[in-house]
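I opened this model to look up helix packing and charged pairs. My notes follow.

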Amino acid sequence: MSAGDWRARGRSALERLVRASAFERVLISTAALVLSMFVGVLIILAAGRMTTCATAATTFFGVGFCYDPFAVYDSLFLGALGNPINPLFQPLQGQLAPPFRRGWTPLNGQMAVTLRETTILIFTGLGVALAFRAGIFNIGMQGQLVVGALATALTVLWASPLVSGFLGTLVLVPFGLVVGALAGGLFAAIPGALKAYADANEVITTIMLNFVATSVALFLVANPFKDPESPANETVGLPDYATIPPILYEPRDDFSLVALGVALALVGAAYYLLEHTSFGYDIRTSGIQPEAAEYGGVDAARTIVSSMTLSGAIGGVGGAMYVLMILGNYQTGVPAYGFDGITVSILAGNNPLGVGFAALLFGILKSGSIIVDVSTDVPPQLVGVLRGLIILFVAMPEFFRLVGQKFVVDTSDEKAVATDGGTEMDADDSAAALGGETDE
């Protein structure tokens, strides 16, 4: 087979992947998840044979293994949910991980950890997705989250003596979210403006600004804004009424359904913005065909700055949630939610509606890893390999689909919104408006 035949087959495969329906993409992701778990089982068994143990955890075909792959995956996935058990499997209870096996309720502490991680990852994944849809690689979500978190902690702490009680909660929590959005948005606007007006590579500028954000935050928290009574680098704690109140869950769980509700509402708002507004149309067309979009009347520079600002604002809200829901102050060593948000976005295909499901998968993996560590003898390094396999296998089909969109753009079923505020146009009309060609 010639090189030309291979290229034709590769292009055909990309075309089919790009044009895959939502149902087909779900099937592909499910198959990838199953395949990753099968490979993980083989790795666990191989590691179990290379490990010395007094008693084998499981036996297959008369051969003992130190690690039981089924117990590992049970703890990883079901453990993240608090270990719910179907009554049909009650006889297996003694063989599975112990926490929360009896009297399961969705309000358990481990479920709270899962939903807590999911909530923050929705914000970072959604922010990255909006920038990616505009063709901008926002690798600085971690820095934008840090800036939003620090700004929220300091301003809410300053304003907390002005109000108190239930009124203080109603005033300070929204105030903190707005401050986080403004801080994250303004910080993201810097690389946006550099790209729009100086043609600076946004990958480099956003990565470097991550270091700027974390270094400046460390200096401020270790010096002028440090809690004098704490040996750690952190700000003074916020009063309870200045944090997001827990709903149904215990205060010690550091999770609130209010925060999750805000995240899901933002997912819906982002989807509506992208699919049903002229600004969303500008973002989508700029990300697919920037030259044609500019020829069709889209202000490229304004779209770049606006998209980056909006992306950073959503990340800043995530930072505000991290302070107001989880910590109650700002501390150095913020987890890598921003970098995880990049993978969440890719896994979701940069679709706002998919971000919620991708963030939930990440939340389960992060939360379930804790259960694996405490309920099995599997080393944390092996757990990290299993997590990486799942993420890699599930994300790669969407990654290749996004790459394929750069070469194969299918607009046959797409509706577009006129940038002048007019009525919706069919794909052929919108392609003509953008200076493109239609299929005859």
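I started with Arg133, which counts as buried because its relative accessibility is 19%. My cut-offs: buried is under 20% relative accessible area, exposed is over 50%, and partly exposed lies in between (1.4 Å probe, protein chains only). The model is predicted, so I noted the limits: local features need pLDDT of at least 70, side-chain atom pairs count only at pLDDT 80 or more, and totals for chains, interfaces and linings use all residues. Residues are numbered from 1 along each chain as its sequence is written, and side-chain values use heavy atoms, with hydrogens and water left out.

**Salt bridges**

I took a salt bridge as a side-chain nitrogen of Lys or Arg within 4 Å of a carboxyl oxygen of Asp or Glu. By this rule I get 6 salt bridges.

Arg133 pairs with Glu275, with the closest N and O atoms 3.5 Å apart. Glu275 sits in helix H8 (residues 257–276) and Arg133 in helix H4, so this pair ties together parts that are 142 residues apart in sequence. Helices here are DSSP runs (H or I, at least four residues), numbered from the N terminus. Glu275 has 25% relative accessibility, so I logged Glu275 as partly exposed.

Next I checked Glu117. Its salt bridge partner is Lys366, at 3.9 Å between the closest N and O atoms. Glu117 belongs to helix H4 (residues 109–133) and Lys366 to helix H13, so the pair ties together parts 249 residues apart in sequence. Glu117 is buried, at 11% relative accessibility.

Lys195 and Glu202 also meet in a salt bridge, 3.1 Å from N to O. Is Glu202 buried or exposed? At 6% relative accessibility, Glu202 counts as buried. Lys195, at 21%, counts as partly exposed. I also found that salt bridges with shared partners join Glu117, Asp340 and Lys366 into one network.

**H12 against H13**

The axes of H12 (residues 337–347) and H13 (residues 352–375) come within 8 Å and cross at roughly 130°. That makes H12 oblique to H13. I used lines fitted to C-alpha atoms over the stretch in contact, with angles from 0 to 180 degrees between N-to-C directions. Oblique is what remains after under 35 degrees (roughly parallel), over 145 (roughly antiparallel) and 65 to 115 (roughly perpendicular).

I then listed contacts, meaning heavy atoms within 4.5 Å. Asp340, Thr343, Val344 and Leu347 in H12 meet H13 residues including Val355, Phe362 and Lys366.

Notes. Helix = DSSP H or I, 4+ residues; strand = E, 2+ residues; numbered from the N terminus.
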